[in-house]
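Here is a short tour of some side-chain contacts, charged pairs and helix packing. Have the sequence and the structure open as you read along.

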Amino acid sequence: MEENNAEKVFEVNNLQAIRDFVDVRDAVRAYEILLTHGKPGEIYDIASGENRSLAEIINHFNSFTKVEFKVKTKTNKTIEEEHIEIDLFKINNLGWQPIMSFKTSILDILIFYRKNK
């Protein structure tokens, strides 16, 4: 996408939606802890503990790339919650904490994409 001269459009449902994005490497570590120390049948939230809007995510990607792109909101929006609450108490009590920073996650996604285009 970065080397292509075609117009770049990033299409989203709701820029104001708030989500907690966790790096997949942190999630895998959480799964490992849950396999060995989690209680069967219990529900554990896995998240970074930091809420971000989709607009903020897009702005971060934009700041790390030289490619200009437009953001288009879908006109046929599906109804989605703007904010979802999470509770890290149980997973934290098993010794898990996210270690990957948000900035590192975004940069690593771009590096992966650039190497595997």
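In this predicted model, Asp45 touches Ile86, Asp87, Leu88 and Ile91, once its neighbours within four places in sequence are set aside. Asp45 itself belongs to the loop that runs between helix H1 (24-37) and strand E3 (51-53). One of these contacts can be described in more detail: the side chain of Asp45 comes to 2.7 Å from the backbone nitrogen of Asp87. Ile91 is 46 residues away from Asp45 along the chain, yet the C-alpha atoms of the two are separated by 6.9 Å. Is Asp45 buried or exposed, or something in between? With a relative accessible area of 27%, Asp45 is partly exposed.

The loop that holds Asp45 also holds Glu42, and Glu42 has a charged partner in helix H3 (residues 89-93), namely Lys90, 48 residues apart from it. The side chains of Glu42 and Lys90 form a salt bridge, with 2.7 Å from N to O. Glu42 is partly exposed at 35% relative accessibility, and Lys90 is partly exposed too, at 33%. Lys90 has a further neighbour to look at: it lies over the face of Tyr44, 5.1 Å from the ring centre.

How many salt bridges does a search of the whole structure find? The search gives six, and the table lists some of them.

| Asp108 | Arg25 | 2.9 Å |

In general, side chains of opposite charge can pair when their charged atoms come close. The salt bridge between Asp108 and Arg25 connects distant parts of the chain, with Asp108 in helix H4 (residues 102-115) and Arg25 in helix H1, 83 residues apart. Asp108 is partly exposed, at 27% relative accessibility, and Arg25 is partly exposed at 37%.

Arg52 counts as buried because its relative accessibility, 12%, is under the 20% cut-off. Glu56 is partly exposed, with a relative accessible area of 27%. Some salt bridges also share partners, and in this way Asp23, Arg25 and Asp108 are joined into one network.

Now turn to helix H2 (residues 54-64), where Leu54, Ile57 and Ile58 are buried. Why do they lie on the same side of H2? They do so because the arc they cover around the axis is only 95°. Which elements do the buried residues of H2 pack against? Their packing partners are strand E1 (9-12), E3, strand E4 (70-73) and H4. On the face of H2 turned away from this buried side, you will find the exposed residues Asn59 and Ser63.

Technical notes
Residues numbered from 1 in each chain as written. Predicted model: local features only at pLDDT ≥ 70, side-chain atom pairs only at ≥ 80, totals over all residues. Heavy atoms only, no water. Helix = DSSP H or I, 4+ residues; strand = E, 2+ residues; numbered from the N terminus. Buried < 20%, exposed > 50% of the residue type's maximum accessible area, 1.4 Å probe, protein only. Contact = heavy atoms within 4.5 Å. Polar contact = N/O pair within 3.5 Å; in protein donor to acceptor, adjacent residues only side chain to side chain. Salt bridge = Lys/Arg side-chain N within 4 Å of Asp/Glu carboxyl O. Arc of directions from axis to C-beta. Lys NZ or Arg CZ within 6 Å of the ring centre and 35° of its normal.
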